Structure formats: structure tokens, C-alpha cells
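Hi everyone, thanks for making time for this.

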Amino acid sequence: MSTKRGNWNSKLGFILAASGSAIGLGNIVFFSSNAYQYGGGAFYLPYFIALFVLGLPIMMVEFGIGTLTGKSFPLALRELAGKRAEFVGWWSIGSAMFITAYYIAILGWAFGMMVGAFGSLFEPGISAPFTPFETPTDSPSAMVYFFNLLATWWPVLFIFVIWGLNLLILRKGASSIEKAVRIFVPLMWVFMIGLVIRGLTLDGGFDGVMYLFTPDFEGISDASVWRGAFSQMFFSLSLGLGTMTAYASYLPRDADQVNNSMLVSFLNCSFEFIAGIAIFSLLFVFTLNPAGSTLSLSFFVIPQGINELSTIPWITRLFGFLFFFLIVIAGITSSISLIEGPASAMMDKLKITRKKALTIVAIPCAIGSVLCTLPIIIDKGLAGNGTLGLSILDITDHWVFSYSLLIVGLVESLAIGWILGADKLRMALNQHSKWNLGKWFNTLIKFVIPIVLLTVILSSLWNERTGLYGANVDLGSFNWLPWFIPIFWLAVSLSFSFYLTNKPYKK
Ligand code: PFF
């Protein structure tokens, strides 16, 4: 492995970084709202099937091709399955950049709520304006506070803070990432365990756990539950965007990737369940109803619960602060990997320095983050998203999140399964692994995964037929956004991949 690309100082460093990438907003914000939306107990059976049938094997593929080639996602695919596979690799990198843009915007809001915990977020006030040191008067409402925050320019400042932290952590590659994750990853486990203990020791907290874990076989027949579980699994394990391959490429070639995949998935899913327990116990204790968007649960329903945790103001503030601090650090250990994937791919292909690659990735993505935090109010009644930024974010998330990860998963399993040959990868993985993968691995990669993913993608597309996502909300003079955003994403990401795939490349 070329030393210029850098490598992990220890196996622990890699495990912390990869599990830090996996554990993020997906585990705290999206998992619980998905589990709630799909009916608690109806969600986790499809979820576990998604883990074993899809998540674990694809993680083995993504880790495997990274160590096997010592290259990031597009070039690893090129080396193993040809130029057409490389094209899909770049397309996934392009999509990762779209996701980075809005992922960091959400982190900017979480940062705003964290700052707000010191100010008026947990103080009574009808409109609790986002001026941290103003004294509000009536009952506290985190929801009003959140939308007030979105209607200011503060989040734009906060996203620059988050971008700054990301670039600082990424400046030296694996070695500086390792330093950060050694602090952040254990810290987020400690906070989450603290939160779960608090939730479970409250009267009624256990009912939430029962809701989450009591199987509901009726709900399982609903196709959307399966779609939800499969997309959630891909996003949560950081698959389909090139990040895991980039991280794995900094490992020595004899790394045991079967073991690593099991460990990282186990850590991720355990965290997800602990987060689910913590959040559902709060929901049930305070009989909160998380209707509305995906973000509502973490951004105003849970804070509402935290508000009632204690009558002593500083304790409420401390819990509120810790909750959003947890979201911010869990999010940063993921966003660095979202940026590292594209940056390492460009360094490999264009032979440019890390600094240059980070600049090329950061500039367009940061502009995207700013667009997602634009405080222009387009929907005063909050029938939709309120601000222009949130609408841009929501529509982008719908298209990129629902389709790109799964399409990449489909193509990479076909490319590895049929062009390289699943058996070749299986042999390579088995060479350094304590647990030998059986022939079932080939069947999964060649047949089961492509069929499952194709079904999920087609059924999602079929569901779109009733109308373009977001078009039913009145966005005023921005009513063109619901069709513009998917076209823009496809046009930009496809030309980006076309350009980079055809760029001459010397090994
Ligand atoms: N796995 C992260 C989360 O659960 O929040 C999100 C993510 C990071 C997805 C990196 C994909 C990725 F490449």
C-alpha cells in the first residue's frame, strides 16, 4: 500500500472510524422516526433481515474491495470490474457530495439547538425567539424555537463551524481522523448509555421499549415497511456512497474484513437500538406524539420531553445540551467519512494533494449546505417545511437518499458478483478471515441482493407515480423545486461521473 495515501495506526483506529461513520444522524434521528412511522414492532423484523441479507454482505464487499486494491471506491471498482463499474463509483461519489451538503446543514441546526440549551430553548416562552439571551415569558415550545431558529441566518454561521471542524479533522487523513474518533466515539457511547438509563428509570419508560419490541406481524405485510428498513440499513451502515471502501483502503491487505464487517455492523445496530430505547422511553413517559417530518422527533419532540425531565432548570439545560452535543459529535464522525470518500477518490484519480481534494469537495458541498439553511420563509402556515432551506433539504433527501444508495448497491453487487465473480472476492476475504464465508455468500451477492434491491427500487418508483415528491405543498414562487431538484441531481452527478471516468489515469 502506498504510504502517501496514509494508513490507520491501529486496527482499533479503523474500527472506531468505521463505526463512527456508521453511527450518526441515521441512528439517532432517522432510525427512531422510521421505527415510529412504520409502527415500532413491525419494523425490526424487516430491519434484521435487511441487516443479514443486505447490510453485512455489502459491507464485506465494500471493505473487501478497499483492502484488496488499496484504492478508493471508483478506482477499486475499475480495477476489479472495469470502466463501467468505475462510472457507478463516481456517481455514488457525486451523490455522497449531495448528501454531505444537507447532512451538514442538519448538523448546523443541531448545533443551534445545542447553543440554545444555554439560552432560551428550555425557558418558557410562546415564541421563544432565537436570541439565546432574551427572556421569554410563557410555556416553552421546542417546536416554535426550532422553526424560529430556521428562520434566522444563525444556522449559516453554524454550518461554517461544522465545516471548519470537519476539515480540521480531515487535514491529515487517516492519522488525524483516528485522533478525533478516539475521543468522539467513546464519548457518544457514554452519553447515549446515560440517556437510556435516564429514560428507563422514569415511570412508564418501559412502555416505550415494549412498543418498540413487541412484534407486529400485521404491519409486516406492508411493502413500505420493507422499503423503509432496507434504505435505513444502507444509510445507517454508510453503504453505497464509497466511504467504507475509502476507510478500508487505509488498512493493510491482510486485514480480516469478515470480522471487521461483523464488528462494525454489530456496534452500529446496538447503538441504533439503544438510541431507539432512549427515545421511545421518553416518548412514552411524556406521551409525546411525533407527527410530522423526520426531523421533528429529535428536534422538537424529544426536547419537549427533556423539558419535563426535571423542575430544576440547570438539569434540564444540561440534558438538553448533552442530547444535542451527542447528535453533533455522532454526526461529525459520519460527515468526515462522507467527505473523505470523495476526497480520497479524487486524490487517487487526479493525483492531487489532500488539501486540493478537500477544497474541491468542500466548496460545492458548503454552498449546498448554505442553500439548505436559507431562512427565507415560503410557507408561513407550516403545512410543508416552512423555510426554503428545509424544503430544498427535504426534496434532495427524498431523491438522493431513497435512490442513489440502493442503485449503487444493486450495481456493485452485480459488478462484483458477475464481472469479477463473487467467488473470487469470497476466496480473497477467506484468505485472511477466521470465519470462512460459505458458498451462500455467492448466492447472496449474485442473486438475492440484486433481486431484493431491484424490487425495492422499482416499488419506490411505482409509488412516485401519484405525483412528484413535494409538489403537493404550496412553495409559492418556488413551486418549480420539486421537479428541478431531481433533474439537477441527476444531471450534475451523471456529468460528474462521465467526466471523471473518462479522465486519463496513470496507475
Ligand atoms: N451512517 C451515517 C448515519 O447513520 O448517520 C450516515 C452516512 C455516513 C451514510 C457516511 C453514508 C456514508 F457514506
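Some housekeeping before that. This is a predicted model, where local features need pLDDT of at least 70 and side-chain atom pairs count only at pLDDT 80 or more, while totals for chains, interfaces and linings use all residues. Residues are numbered from 1 along each chain as its sequence is written, and side-chain values use heavy atoms, with hydrogens and water left out.

When I say helix, I mean a DSSP run of H or I with at least four residues, numbered from the N terminus. Look at H16, residues 388–431. H16 has 44 residues, but its end C-alpha atoms are only 52 Å apart, when a straight helix at 1.5 Å a residue would reach 64 Å. (That expected span is 1.5 Å times one less than the number of residues.) So where is the kink in H16 centred? On Leu-420, with a kink of about 95 degrees. The bend there is the angle between axes fitted to the seven residues ending at a position and the seven starting at that position. H16 is also mostly covered, with 35 of its 44 residues buried. Buried means under 20% relative accessible area, exposed means over 50%, and partly exposed is in between, using a 1.4 Å probe and protein chains only.

Next, aromatics. The structure holds 46 aromatic pairs. Rings of Phe, Tyr and Trp (its six-membered ring) pair if their centres lie within 6.5 Å; planes under 30 degrees apart are stacked, over 60 edge-to-face, and the rest tilted. Take Phe-31 and Phe-273: the ring centres are 5.5 Å apart and the planes sit at 55 degrees, so this pair is tilted. It links distant parts of the chain, with Phe-31 in helix H2 (residues 25–37) and Phe-273 in helix H12 (residues 257–285), 242 residues apart. Phe-31 counts as buried because its relative accessibility is 1%, and Phe-273 is buried at 10% relative accessible area. Phe-273 has another partner, too: Phe-213 and Phe-273 are stacked, 5.6 Å centre to centre with 25 degrees between the planes. Phe-213 lies in helix H9 (residues 205–213) and Phe-273 in H12, so that pair ties together parts 60 residues apart in sequence. Phe-213 is partly exposed, at 29% relative accessibility.

On to charges. A salt bridge here is a side-chain nitrogen of Lys or Arg within 4 Å of a carboxyl oxygen of Asp or Glu. How many salt bridges does that rule give? Seven. Let's start with Arg-5 and Asp-348, whose closest N and O atoms are 2.9 Å apart. Arg-5 lies in the segment before helix H1 (11–22) and Asp-348 in helix H14 (residues 313–350), so they tie together parts 343 residues apart in sequence. Arg-5 and Asp-348 are both buried.

Then there's Arg-354 with Glu-340, closest N and O atoms 2.8 Å apart. Here Arg-354 is in helix H15 (residues 354–372) and Glu-340 in H14, 14 residues apart. Again, both Arg-354 and Glu-340 are buried. Arg-182 and Glu-178 make a salt bridge at 3.3 Å between the closest N and O atoms. They both lie in helix H8 (residues 174–200), four residues apart, about one turn of the helix. Arg-182 is partly exposed at 40% relative accessible area, whereas Glu-178 is buried at 2%. And Arg-78, Glu-86 and Lys-349 are linked in a salt-bridge network.

Now the backbone. Most residues other than glycine have a negative phi. Ser-238 has a positive phi, near 60 degrees, and it sits in the loop between helix H10 (223–236) and helix H11 (243–248). Lys-351 has a positive phi as well, near 55 degrees, in the loop between H14 and H15. Buried or exposed? Ser-238 is buried, at 11% relative accessible area, while Lys-351 counts as exposed, at 52%.

Last stop, the surface. Leu-468, Trp-480, Trp-483, Phe-484, Ile-487, Phe-488 and Val-492 make a nonpolar patch of about 640 Å². Patches are made of residues with over 30% relative accessible area and no salt bridge; nonpolar side chains (Val, Leu, Ile, Met, Phe, Trp, Tyr) are joined within 5 Å, and like charges within 9 Å. The areas come from the Shrake-Rupley method with a 1.4 Å probe, and for residues only the protein chains shown count as cover.

Key:
Helix = DSSP H or I, 4+ residues; strand = E, 2+ residues; numbered from the N terminus. Expected span 1.5 Å × (residues − 1).
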